[in-house]
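Here is a short briefing to read alongside the model. Take a look at the structure first, and then we can walk through it together.

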Amino acid sequence: VKIKDFKFVPKEIRVKKGTTIIWRNEDSAPHTVESSDGQYTSDNLENTDEVQFTFDKAGTVDYICGIHPSMKGSVIVE
């Protein structure tokens, strides 16, 4: 998932259980990836920094950038 222009691209992603997703910051501003359930929280990601999480449970995980909470995304795990 790209972090670009203060958005997560794509905003919604559908994956199979056990999939690891990598977020890469392509903005000049720092961002974080924080799930609404608190299970996934990244450090500040500077330009070109990456973070990855593996999704082991089925369901929908919503997330935001903790620095810019208007940035939202979802992972749908099947």
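Is N25 buried or exposed? With 0% relative accessibility, N25 counts as buried (buried means under 20% relative accessible area, exposed over 50%, with a 1.4 Å probe and protein chains only). This is a predicted model, in which local features need pLDDT of at least 70, side-chain atom pairs count only at pLDDT 80 or more, and totals for chains, interfaces and linings use all residues. Residues are numbered from 1 along each chain as its sequence is written, and side-chain values use heavy atoms, leaving out hydrogens and water.

**Around N25**
- N25 sits in strand β4, residues 19–25 (strands are DSSP E runs of at least two residues, numbered from the N terminus).
- A polar atom of the N25 side chain lies 2.8 Å from the backbone nitrogen of D27.
- Leaving aside neighbours within four places in sequence, N25 is in contact with residues including I3, P30, H31 and L45 (contact means heavy atoms within 4.5 Å).

**The sheet**
- An open sheet of 4 strands has the order β2-β1-β4-β6, with mixed pairing (two strands pair if DSSP finds at least two bridges between them).
- Its edge strands, β2 (7–9) and β6 (50–55), each pair on one side only.
- Strand β1 (residues 2–4) runs antiparallel to β2, and 3 bridges join them.
- Within β2, V9 is the bridge partner of K2.

Conventions
Polar contact = N/O pair within 3.5 Å; in protein donor to acceptor, adjacent residues only side chain to side chain.
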